Amino acid sequence: MNIKIWGCRGSLPSPGPEKNIYGGNTSCVQIMHENTCIILDGGSGIQKLGESLPKRITQIDILLTHLHLDHIIGLGFFQPLYDPNMTVNLWGPAATKESLKNRLRRYFSPPIFPVGLNELPCQGEIIEIENSVFTIGDFIISSQYICHPGPTVGYRVEKGSTAIAYLPDHEPALGSADFPTNAEWTSGIGIAGGADILFHDAQYKTEEYKQRIGWGHSSVQDAIDFGVLAGVKKLFLFHHDPSRTDEQLRNMYEESMLKNKLPFDVELAQEGKYYNL
Amino acid sequence: MPDQQIEIILSRQLADSLSIPVFIVDTKGNLLFYNEPAEELLGLRYEETGGMAVEEWSTIFKPQNEKGELLPPEALPLVQTLMNKKPAHGQFWIDSMRGQRYKISVTSFPIMGRPDRFLGAVALFWESID
């Protein structure tokens with residue numbers, strides 16, 4: 001499978017010359033295998049993705065972790081939604097009362113956006129998931145509610161013996177009885193356990209996190225500790241704070257690497273990078 | 001043990017920070033967690049026992065009516081909550097591990113996750129003072 005990062009910034013699209021390396025687009029990761037195209041989140045990165053799709057692709061499945069704006073802001077600018085020959089399925093977490101379709105309509109309606117959800121010419125369905133297991137092409141996908149404000153899921157995408165875990169917005173230090181020592185009682189472990197690649201929230205420095213407990217995000221150190229607890233093979237630090245420059249991200253990463261001797265690789269997620277597994 | 005669901009984990013977080021006895025069970029009544037005040041009632045420490053099967057922990061209290069007659073399981077609020085998925089409340093007597101008899105109030109409520117997933121129940125115990 002091929003994996004490409006189209007956006008790894010958190011909270012707010014924040015382009016600029018000081019962010020050219022790691023990028024300013026918000027959450028969007030593409031996973032491809034033959035004619036199957038899965039997109040994790042519809043952040044601003046999805047706009048460029050839409051322009052680069054091979055012509056052979058006729059179905060796209062977008063898996064939304066949650067509906068915070070930085071994870072759906074690119075949807076309205078995703079060209080396949082305007083193609084009547086394209087099937088675009090939108091998957092996302094069920095809420096207690098309101099349907100996923102109605103919650104998406106808050107974005108696809110004025111004054112936020114001029115085009116309504118029902119006006120989109122593409123084919124496709126809106127599918128609610130919870131703690132679910134389902135298949136798309138050759139991929140087996142698991143979703144599970146995780147610790148983040150509002151209905152939010154993490155995804156595990158598996159093909160054969162390879163597993164990708166995606167938890168871009170996640171606060172395991174809050175959703176845990178004894179973080180980071182008790183895997184059974186830690187949010188998200190069922191999704192991330194033993195994954196070949198884990199994309200995990202790492203928005204804050206440790207001292208910043210102390211001022212933002214309950215906001216739904218993690219420090220770099222908590223992301224690393226979570227990766228250790230989950231026994232992953234590679235960790236991508238994801239959901240970079242919108243105010244952080246390339247240089248600051250690099251410094252934060254190097255400080256963390258000095259503190260930790262890890263049994264797996266850790267990388268700063270970088271917009272435009274792609275990987276083959 | 002399988003990993004716990006987020007609603008159960010957050011219930012434990014709340015229980016862990018309260019000063020009244022709290023018990024958290026799964027849908028079958030197996031004890032998943034009890035907090036420090038509950039440890040006094042059980043005479044056991046969670047760190048030592050971990051979770052307990054329903055057969056194991058339900059026999060510890062010997063719930064009784066005011067005449068000292070043992071109550072059937074369906075008379076207990078927590079059992080009612082597990083059966084009906086609704087909150088329940090009741091008063092009865094228990095024998096503590098030290099052999100003392102206490103009148104207690106128990107309030108239990110189901111843990112219902114999004115969108116409509118029944119995951120277990122929480123029981124709060126209070127020593128009843130008339």
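Colleague: Leaving aside its neighbours within four places in sequence, which residues is His89(B) in contact with?

Modeller: Two residues are in contact if their C-beta atoms, placed from the backbone, lie within 7 Å. Beyond those sequence neighbours, His89(B) is in contact with Pro77(B) and Thr107(B). This is a predicted model, in which local features need pLDDT of at least 70, side-chain atom pairs count only at pLDDT 80 or more, and totals for chains, interfaces and linings use all residues. Residues are numbered from 1 along each chain as its sequence is written, while chains are lettered from A and ligands numbered from 1 in the order in which they are written.

Colleague: Where is the place of His89(B) in chain B?

Modeller: Helices (H or I, at least four residues) and strands (E, at least two) are DSSP runs, numbered from the N terminus. His89(B) belongs to strand E3, residues 88-95 of chain B. From His89(B) to Gly120(B) is 31 residues in sequence and 16 Å in space, C-alpha to C-alpha.

Colleague: Why does His89(B) count as partly exposed?

Modeller: A residue is buried if 20 or more other C-beta atoms lie within 10 Å of its own, exposed if 12 or fewer, and partly exposed in between, with C-beta atoms placed from the backbone. His89(B) has 13 other C-beta atoms within 10 Å, so it is partly exposed.

Colleague: What is the mean pLDDT of chain B?

Modeller: pLDDT is the predictor's confidence in each residue, from 0 to 100. For chain B the mean is 91, and 95% of the residues reach 70 or more. For the complex, the predictor gives an ipTM of 0.83 and a pTM of 0.92.

Colleague: Now the backbone. Which residue of chain A has a positive phi near 65°?

Modeller: That is His239(A), a residue other than glycine. His239(A) lies in the loop between strand E12 (234-238) and helix H6 (246-259) of chain A. His239(A) counts as buried because 29 C-beta neighbours are inside 10 Å. In chain B, Lys62(B) has a positive phi near 50° and is also not glycine. Lys62(B) sits in the loop between helix H4 (54-57) and helix H5 (77-84), and is partly exposed because 14 other C-beta atoms are within 10 Å.

Colleague: Which residues does a cis peptide bond join, with omega about 5°?

Modeller: Pro110(A) and Pro111(A). Pro111(A) is in the loop between helix H2 (100-105) and strand E6 (126-129) of chain A. In chain B, a cis peptide bond with omega of about -15° joins Arg114(B) and Pro115(B). Pro115(B) falls in the loop between strand E4 (101-113) and strand E5 (117-127).

Colleague: How many residues has the largest nonpolar core?

Modeller: A nonpolar core is a set of buried Ala, Val, Leu, Ile, Met, Phe, Trp, Tyr and Cys residues joined through C-beta atoms within 7 Å. The largest one has 92 residues, and Ile39(A), Leu198(A) and Leu237(A) have the most contacts inside it. Helix H5 of chain A, residues 220-230, gives the most to this core, with six residues. Not counting residues up to four places away in sequence, Leu237(A) touches residues including Val220(A), Ala223(A) and Tyr253(A).

Colleague: How many helices and strands are there in chain A?

Modeller: Chain A has six helices and 14 strands. Its radius of gyration is 18 Å, close to the 19 Å that the globule rule gives for 277 residues, so chain A is as compact as a globular protein of that length. The radius is taken over C-alpha atoms, and the rule is 2.2 Å times the number of residues to the power 0.38. Buried residues make up 48% of the 277 residues in chain A.
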